[in-house]
Amino acid sequence: MPQLEPNLAGLAWFGLLWSVCCIGFLQLAGMYPLRGRAVLPVTMTTALWVMLFAGTLAFALVELRWTTIIVVGGVLFLFLPGLFQALPEWWRDGRAGLRLSCCAMIAALALLVGVAAPSFHMWT
């Protein structure tokens with residue numbers, strides 16, 4: 001594996017953060033269109049998801065090979081919907097699930113800031 005991707009720690013962090021992005025995307029996709037839903041919580045969670053998505057991609061582009069990003073990101077995006085379907089219904093489509101998803105994205109953003117701090121000088 002080190003011959004394919006020398007930064008295994010970065011790969012592990014990318015896998016975790018990308019998994020949160022994919023699960024968050026699937027959860028948010030079920031919230032649109034907003035008819036009959038609370039607009040502000042969905043909009044705020046969507047904004048958090050966009051920040052996490054952009055930060056995860058920026059981190060991956062700085063730390064990993066592009067082929068690794070494509071392969072690992074694609075495999076996770078392909079197989080995580082099965083995990084998402086195994087989650088309870090209240091988590092997938094409800095206010096409690098939206099709150100839980102929002103908290104998971106905030107934790108992932110905090111983790112991203114902590115993990116990606118040494119790479120920040122390369123982002124600018």
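1. Read from the N terminus on, the elements of the protein chain follow the order α-α-α-α-α-α, and the secondary structure of this predicted model accordingly amounts to six helices and zero strands. The radius of gyration of the protein chain is 15 Å, close to the 14 Å given by the globule rule for 124 residues, so the chain is as compact as a globular protein of that length.

2. On overall extent, the C-alpha atoms of the protein chain fill a box of roughly 50 × 30 × 20 Å when taken along the principal axes. Of the contacts between residues at least 6 apart in sequence, 80% join residues that are at least 24 apart.

3. As for burial and surface, 36% of the 124 residues in the protein chain are buried. The accessible surface of the chain comes to about 7200 Å², and carbon and sulfur atoms account for 76% of that surface.

4. An unreviewed UniProt entry carries the annotation "transmembrane region" for residues 12-32, 39-60, 66-84 and 96-117, and two of these spans can be compared with the model here. Residues 66-84 are 100% helix and 0% strand, with their end C-alpha atoms 26 Å apart, while residues 96-117 are 95% helix and 0% strand, with a separation of 32 Å between the end C-alpha atoms.

5. Which residues form a nonpolar patch on the surface? The patch consists of Trp66, Ile70, Val71, Val75, Leu78 and Phe79, which together have about 720 Å² of accessible area. Trp66 belongs to helix H3, which covers residues 66-86, and because its relative accessible area of 63% is over the 50% cut-off, Trp66 counts as exposed.

6. Asp93 deserves a separate comment, being located in the loop between helix H4 (89-92) and helix H5 (95-116). Its relative accessibility is 38%, which lies between the limits of 20% and 50%, and Asp93 is therefore classed as partly exposed.

7. Leaving aside residues up to four places away in sequence, Asp93 touches Gly30, Met31 and Arg37. Gly73 lies 20 residues from Asp93 along the chain, and the C-alpha atoms of these two residues are separated by 25 Å.

Conventions. Residues numbered from 1 in each chain as written. Predicted model: local features only at pLDDT ≥ 70, side-chain atom pairs only at ≥ 80, totals over all residues. Heavy atoms only, no water. Helix = DSSP H or I, 4+ residues; strand = E, 2+ residues; numbered from the N terminus. Buried < 20%, exposed > 50% of the residue type's maximum accessible area, 1.4 Å probe, protein only. Contact = heavy atoms within 4.5 Å. Patch = residues over 30% accessible without salt bridge, like charges linked within 9 Å, V, L, I, M, F, W, Y side chains within 5 Å. Areas by Shrake-Rupley, 256 points an atom, 1.4 Å probe, with all protein chains shown as cover. Salt bridge = Lys/Arg side-chain N within 4 Å of Asp/Glu carboxyl O. Rg over C-alpha atoms; globule rule 2.2 N^0.38 Å. UniProt positions renumbered as here; feature names shortened; annotations may be inferred.
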